[in-house]
Amino acid sequence: MYIGRDLANANRLFYRSLVSFPLSADPKEATTPVPDLATDTGKANADATEWSFTLRDGVTWQDGKPITCEDLKYGVSRTFAQDVITGGPNYILGYLDLPKSGYDGPYKKDGQADFDKAVTCDGNTITYKFNKPWADFPLAIASLRAFDPYRADQDKGDKSNFSVFANGPYKLQGTWDEAQGGTFVRNDAWKQDSDPLRKPLPEKIVFQQGLTDDIIGQRLIADSGDDQFAVTDIPVLPAQYSQVTGPIANRAVLVDSPFTNYLVPNFKTITDLKVRQALLASTNQEGWIAAAGGDKAAAPSKSIVNPALVGYADNPNFTYPPAGDVDAAKKLLAEAGVKTPYKITFTYRSNPTRDKGASALQNTWNQAGFDVTLNPLPDTYYADIQKPSVVGDVFWAGWGADWPSIASVIPPLFDSRINLSAETKGQDYGSYESDTVNKLIDEAASKSTVDEAAKVYAQIDDQLGKDVAYIPLQVQKFYLLRGSKVGGYQAGAATSGYPDLGTIGVTG
Amino acid sequence: MSTSFLSVNDLKVHFPTEDGLVKATDGLSFDLERGETLGIVGESGSGKSVSSSTILGLHRGSKARVSGEILLDGVDLLTLSDEEMRQRRGKDVAMIFQDPLSAMHPYYTVGNQIAEAYRVHHDVSKKAAKARAVEMLERVGIPQPDRRVDDYPHQFSGGMRQRAMIAMGLINDPSLVIADEPTTALDVTVQAQILDLLQDLQTEFQTAIILITHDLGVVAEMADDVLVMYAGRAVEYGTVKEILTHPEMPYTWGLLSSVPDVSGDPDAALLPIPGNPPSLLNPPSGCAFHPRCTHRDKVAGDLCRTQLPDLVPGPRGGVHLKRCHLSDPDVIYRAEILPEIAPDLVEEL
Amino acid sequence: MGAYIVRRILVGAALLVTMSLVTFLLFFATPVDYARLACGKTCQPAQIEEVRKSLGYDDPVLVQWGKFMKGVAVGREFPDDPALRAAAPQLVTECPAPCLGYSTQTNSLVGTTIKERLPVSLSLALVAFILWIVVGVAFGVIAALRKGTLIDRGIVGIALFFFAFPTFFVGLFLYTYFAIKWQVFPIPRYTPIADGGVWPWLQNLLLPGATLALFYMAGYVRITRAFVLESMGEDYVRTARAKGLPKGVILRKHTMRAALTPLVTMAGLDLASLAGGAIITEAVFNYQGLGLLAGTAARNGDLSMSVGIVVTLAAFVIAANIIVDVLYAVIDPRVRVG
């Protein structure tokens, strides 16, 4: 499970965490974790390298057995079994204080003793020991499900992926079909007084997967039968915007998503800062957004960091108008003294929308004195552009923060030490290497509070902007429809912009 | 008003096409009595097959325009409804087709196809119809008919298939049988056997037979009367003896020349008729045969090219009709044609 | 005949073995690193190698294929790593012969998943098949009987229109108008017969079935029309008329029988390939059949699932070929062999 809406839905319905995001529509409040299974939001030592949480009394699994500290520990240990459980966020691997020899999970148990020292249980209190400060650890707990409790006797390894052993207000009825979905019903073992957060409203929640975006839009617009009680995490398609008018528009919300689109110049080929600045100046965000569907689909962005994240600030280097400034770019190219038209290749992940957007970008860049060749790549895009051999002077990319903190944006994308090697560029697609930035990243990581770290990240973002390490494109928006008999609807930062299943009820 | 068993009067079968009207048959008349055989002779496209399928009513449902009358036992077949005609088809009037490999359905057994012909006109069980089919197969001389009845057409030899086809045609004791080139694809021995069979059956049932062929040899053996067709019209009509001994139309002479000599003279020349059969869409003016006729110069005033001759009694009179402007055809035939094709006969006549 | 069928089945089996090998070779011939794909965007090289090992992609292709073939013959146990199986018996999945493998992406035995999805594709194929055969053949016959008229041209034209029109749009159109806007049909959702009986099953299949049928129908209209026309000109049909058979009997027994051979060939192969899934129609109507499964497997680089589907689909096509050939012999006595 590693998709924003699934993580959020799971937290609201069946997998409780030590701490969770509250059912709030206010962006600031919604990204501040509150106690859930734990009695408080965690206690850290002075440098934030040790975190402790104490389990609340009376919290149980769906079979009535209490949730224990051992369950929490077991949940973390599974992430280490990389030979059994593949994919998913595995940040914990880098943080937990383990010797280099490693730990290979609760199945083979090599290095189990080391793990037992790094994660300890004292009654109902669990303590995590990290090898470096992790100031926003509670944010990670609330966002990801990797720190949730897991019952060892329910573990079938890889096969467990689609089974649910619940501790929230709902449990899975029958089985989950990864293609079709499944049905959740009330979990009788869950007690309202053990849960400060959730107020289960509907009797039953049916997940239907696999429908095409077009059909979902059509059905919600038509609003007939059971669809009147439906919510979706699929934004309305631009082609259907014109049908969302009058009373239908009352059933739509436009929310910011945690997803941004950005461009990275290839530092191996565009070595001249002025040329990168010219590229930045003549980047036509407006054209790109128009191709995506206009202001209901996206908004221009002023940073790679999503405005919804804690500590967000506009990057002071991105001052050009959203449609680009061709004249400024021409001037910059002239200052650079390069021969124009300056030949570049734009490499991106192809789909009809991005093809249109790419040609809008190409157009404006060409006006500024570039000669742009488009290089659309298929769906294996990210694996392709990680290869050092990939062709391209500018790469498109998208990013969604794993937890609402800049720490889950800048280091994974621009720390050259964890990304660049002979075989791969990791996620530093532009091969950006800056000792200044790397040092600042370490400094930010050493901060024991999120706010202190945010100040350092603002410095880093400024440096990235000065170097034109990236060019922001857009913040994706979700234009979401719901059925006419859905009450308490809310979609926001607490649930990555998706409908919050913790608040939804039915009316009429 | 004719009193013959079958009387065809001024039969016209025209097909409208995108290019114009095709006059496949244009004013055909003849009579036929029970127990007798009429041979219709002509090249492909002369209208002989079209005329006979029209008698069977097979033109119905197509675009053909048909006029004239076809009186069978006093009833004009052309005035019958489709359903009435269907009920007579195969029962009163039957057809024996050439090339039975394609004329029989490859997916059904011979017995099935013969029995089907019986059951459509007789309300009997499948078993009874099959028994009847076996009986017919035996009558047409198929050995072990009770076993062969379950064979498929491709398991039969050519001659046997033709016999089976005859069995199918005759199973309902039709009073009129049209045999379309029944022996064309067969070798000479089998050909003779099939013709003998047809004659035997005719004697037995007093069937009237229209024998369509391009082979005057077959006509000589089988027919009582003969009708020579060219470009949709009769060009010579009379008894077999009369026509074969005193042909009066150059086209008939041509046909005679192109037949291997029945009397077996190995020296006789085999002379094909020069030129090609005429287009039925734009038939030649005057006598349709004139472009291929080597004797047209013997007629004064370019008459052959300008005027269609009537089908009238020739100089020998009687029932010998011919459609030709030549005034003394018999003389020309004996002087110029006969010595070429059958020198030994010149003296006899 | 019996010996012939046995021989054909043996050849078919050999073909299946070859197909599976080719799938393995093709899979690894592409420049895509499937271990990286499976590991995800954030993976470091060391983790990718871990994943590669756990997926078994680090073995030479022939070794991987050998393991697959062995599984088909005598069954296997997953995960492949014996040390892991010994350490954590709760992880072991027994895969009895014929074992098509284990997908780490769907976390299930390939054979089990295919068995789950197959009924969906089969149902869809069957309903579509019946629709297009009945409608296609009927219209083909009508067009042939009315050859050259407006009716003929209309039928052929409409059939071609639906053939040329993308299935995706036809499906979306039918879904949007018949299910959502006019609500003539319920929102299509696959309902197994075991769950609700034949009618709900069929009712839900009508729209997706029609979508497919409209596409396939064109071929059947045209081939039926052509062969009925050809057959109507055959001597044996003239013979049938000369016998005095009624028109209906002639059409049914004599004319249509001849058009049967090409129809059976086409229908057999179409049905077989459709049983392997119709990805577009399945996607539009959210029918989770083999087509969508194959699409997902290909996109995610799920080797086990891809091989399993290829082999299953190939088995269908080979079986259909054998059945069609046997049917030939039933239809046409000339083809019967000793």
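Author: In this predicted model, helix α1 (residues 2-29) of chain C and helix α15 (residues 303-331) of chain C have axes that come within 9 Å and cross at roughly 155°. Angles over 145 degrees count as roughly antiparallel, and α1(C) and α15(C) are therefore roughly antiparallel to each other. The crossing of α1(C) past α15(C) is right-handed.

On the α1(C) side, the contact is made by C:I5, C:R8, C:I9, C:G12, C:L15, C:L16, C:M19, C:S20, C:T23, C:F24 and C:F27. On the α15(C) side, the residues are C:L303, C:S306, C:V307, C:V310, C:V311, C:A314, C:A315, C:I318, C:I322 and C:V326. Sorted by class, this helix pair brings together 16 nonpolar, 4 polar and 1 charged residues.

The rest of chain C gives the setting for this pair. Chain C has 15 helices and 4 strands, and 45% of its 338 residues are buried. Its C-alpha trace spans about 85 × 60 × 40 Å along the principal axes. Of the contacts in chain C with a separation of 6 or more, 67% are between residues 24 or more positions apart.

Next, the partners of chain C. Two pairs of chains are in contact, and chains A and C share the most contacts. There, 40 residues of chain C are in contact with 38 residues of chain A. On the chain C side, the elements that give two or more residues are α2 (34-39), α3 (45-55), α5 (82-87), α8 (167-181), α13 (279-285) and α14 (290-300). The most comes from α3(C), with 6 residues. By class, the chain C residues that touch chain A are 19 nonpolar, 13 polar and 8 charged.

The contact between chains B and C takes 22 residues from chain B and 17 residues from chain C. Chain B gives two or more residues from each of α2 (82-88), α3 (100-103) and α4 (110-119). This side of chain B divides into 11 nonpolar, 6 polar and 5 charged residues. Chain A and chain B do not touch, and their nearest C-alpha atoms are 49 Å apart.

Both partners have assigned domains. Chain A is divided into domain 1 (4-204 + 482-506) and domain 2 (256-477), with C-alpha centres 33 Å apart. The contact between these two domains takes 19 residues from domain 1 of chain A and 18 residues from domain 2 of chain A. Helix α7 (residues 137-143) of chain A gives the most to the domain 1 side, with 3 residues. That side of domain 1 has 11 nonpolar, 5 polar and 3 charged residues.

In chain B, the assignment gives domain 1 (101-173) and domain 2 (250-345), and the C-alpha centres of these domains lie 42 Å apart. B:S257 is found in helix α11 (residues 250-257) of chain B. B:S257 and B:I337 are 80 residues apart in sequence, yet their C-alpha atoms are 8.1 Å apart in space.

Note on methods:
Residues are numbered from 1 along each chain as its sequence is written. Chains are lettered from A and ligands numbered from 1 in the order in which they are written. This is a predicted model: local features need pLDDT of at least 70, side-chain atom pairs count only at pLDDT 80 or more; totals for chains, interfaces and linings use all residues. Domain bounds come from an automatic or database domain assignment. Two residues are in contact if their C-beta atoms, placed from the backbone, lie within 7 Å. Ala, Val, Leu, Ile, Met, Phe, Trp, Tyr, Cys and Pro count as nonpolar, Asp, Glu, Lys and Arg as charged, and the others, Gly among them, as polar. Axes are lines fitted to C-alpha atoms, for helices over the stretch in contact, and angles run from 0 to 180 degrees between N-to-C directions. Angles under 35 degrees count as roughly parallel, over 145 as roughly antiparallel, 65 to 115 as roughly perpendicular and the rest as oblique. A crossing is left-handed if the near helix is turned anticlockwise from the far one by less than a right angle, and right-handed if clockwise. A residue is buried if 20 or more other C-beta atoms lie within 10 Å of its own, exposed if 12 or fewer, and partly exposed in between; C-beta atoms are placed from the backbone.
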